[in-house]
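Subject: Structure for your review

Dear colleague,

Please find the structure below, together with its sequence.

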Amino acid sequence: MKAFWLKLTDPRLKAVLNAAGRSGAALGDLTAAPAGAAAFFKPLHAALANAAASGAPAPASSAALAAAEDFTRRLEKTFSDMALLGVQPNAPVKEALIYLEKACGLAPALLSRLRRERALKEALGLSSGGRKALSLARDAASRPASGPQPGGFAQNLKFSSIYSGLDSVFDAFERLAEALVGI
C-alpha cells in the first residue's frame, strides 16, 4: 500500500519504480537483441529526468532517483557494449541477468514496512548470486587456455569487459535497493 501511495504522491519515486520494473521485465528482450538498448532506455531516462525536474519534496526519493539513473545508464551501457562488440550474451551473462530480473521485481517490496528487510536481504542475495556467476566466468576467461585457440584472447577480453560492466550494474542496483529501503 505504501508503494502505491508514494507512487501517487511522489513523481520521483514513481519514475524510480517504473525504471526498475520495466528494466527487469525487459532483460529477456534486451538479451535477445542488445542493439535495442538505446531505444528502450531513452524513455526511461526521459521519465527520470522529468521526475528530477519536478522538485518532489522527499530527499530520500532524490537518493533513489540518482541511484535509478545510475542503474539504467549502466545497464544500457552493458547492452550497448554487447552490441558494439558484436557478442551475444553467454551462459554466465544470461544467468546473471536472470538474477537481476528477479531482483528488480522486488523493488516495490523494498518500500513495504512489513516486507522491506526480507526483500532487501533477498535482493542483495540475488545480486550476490549474479556477481558470483560473473566472477566465476571472469576467472575462467582470464586463465590461459590450454593449447592454441585462434581468437580466444579477443573473445575473452570482450566478455571480461561485459562481465565488469554487468558487475557495475549490480553495484548500482544495490545502491538503488538501499535507497528504496531508506524511504
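Helices here are DSSP runs of H or I with at least four residues, strands are runs of E with at least two, and both are numbered from the N terminus. The model is a predicted one, in which local features need pLDDT of at least 70 and side-chain atom pairs count only at pLDDT 80 or more, while totals for chains, interfaces and linings use all residues. Residues are numbered from 1 along each chain as its sequence is written, and side-chain values use heavy atoms, with hydrogens and water left out.

S127 has a relative accessible area of 0% and is therefore buried. Buried means under 20% relative accessible area, exposed means over 50%, and partly exposed lies in between, with a 1.4 Å probe and protein chains only. Not counting residues up to four places away in sequence, S127 touches F170 and E174; contact means heavy atoms within 4.5 Å. The side chains of S127 and E174 are also joined by a polar contact of 2.5 Å. A polar contact is a pair of N or O atoms within 3.5 Å; within protein, one must be able to donate a hydrogen and the other to accept it, and residues adjacent in sequence count only if both atoms are side-chain atoms.

Overall architecture

The protein chain comprises seven helices and zero strands. Of its 183 residues, 46% count as buried. Among contacts between residues at least 6 apart in sequence, 82% join residues at least 24 apart. The accessible surface of the protein chain comes to about 9,200 Å², and 59% of this belongs to carbon and sulfur atoms. Accessible areas come from the Shrake-Rupley method with a 1.4 Å probe; for residues, only the protein chains shown count as cover.

Nonpolar core

The largest nonpolar core has 56 residues, of which F71, L100, F173, L176 and L180 touch the most other members. Such a core is a set of buried Ala, Val, Leu, Ile, Met, Phe, Trp, Tyr and Cys residues joined through side-chain atoms within 4.5 Å. Two or more residues each are given to this core by α2 (11-32), α3 (37-53), α4 (59-85), α5 (91-104), α6 and α7 (152-181). The largest share, 13 residues, comes from α7.

L180 is located in helix α7 and, at 1% relative accessibility, counts as buried. Leaving aside neighbours within four places in sequence, L180 is in contact with L13, V16, L17, A64, A107, L110 and L111. L180 and L17 are 163 residues apart in sequence, and their C-alpha atoms are 9.2 Å apart in space.

Aromatic pairs

The structure holds three aromatic pairs. One of them is formed by F40 and F41, an edge-to-face pair at 4.9 Å centre to centre with 85° between the planes. Rings of Phe, Tyr and Trp (its six-membered ring) pair if their centres lie within 6.5 Å; planes under 30 degrees apart count as stacked, over 60 as edge-to-face and the rest as tilted. Both F40 and F41 are buried.

Salt bridges

There are six salt bridges, each defined as a side-chain nitrogen of Lys or Arg within 4 Å of a carboxyl oxygen of Asp or Glu.

D70 and R74 meet through their side chains in one of them, at 2.8 Å from N to O. Both residues lie in helix α4, four residues apart, about one turn of the helix. D70 counts as partly exposed at 23% relative accessibility, and R74 is partly exposed with a relative accessible area of 32%. The side chains of D81 and K77 form another salt bridge, also at 2.8 Å from N to O. D81 and K77 likewise lie in helix α4, four residues apart, and D81 is partly exposed at 22% relative accessibility.

R131 forms a salt bridge with D171, in which the closest N and O atoms are 2.2 Å apart. R131 lies in helix α6 and D171 in helix α7, so this pair ties together parts that are 40 residues apart in sequence. D171 counts as partly exposed at 30% relative accessibility. Salt bridges that share partners join R131, D167, D171 and E174 into one network. E174 is also the residue whose side chain makes the polar contact with S127 described above.

Yours sincerely
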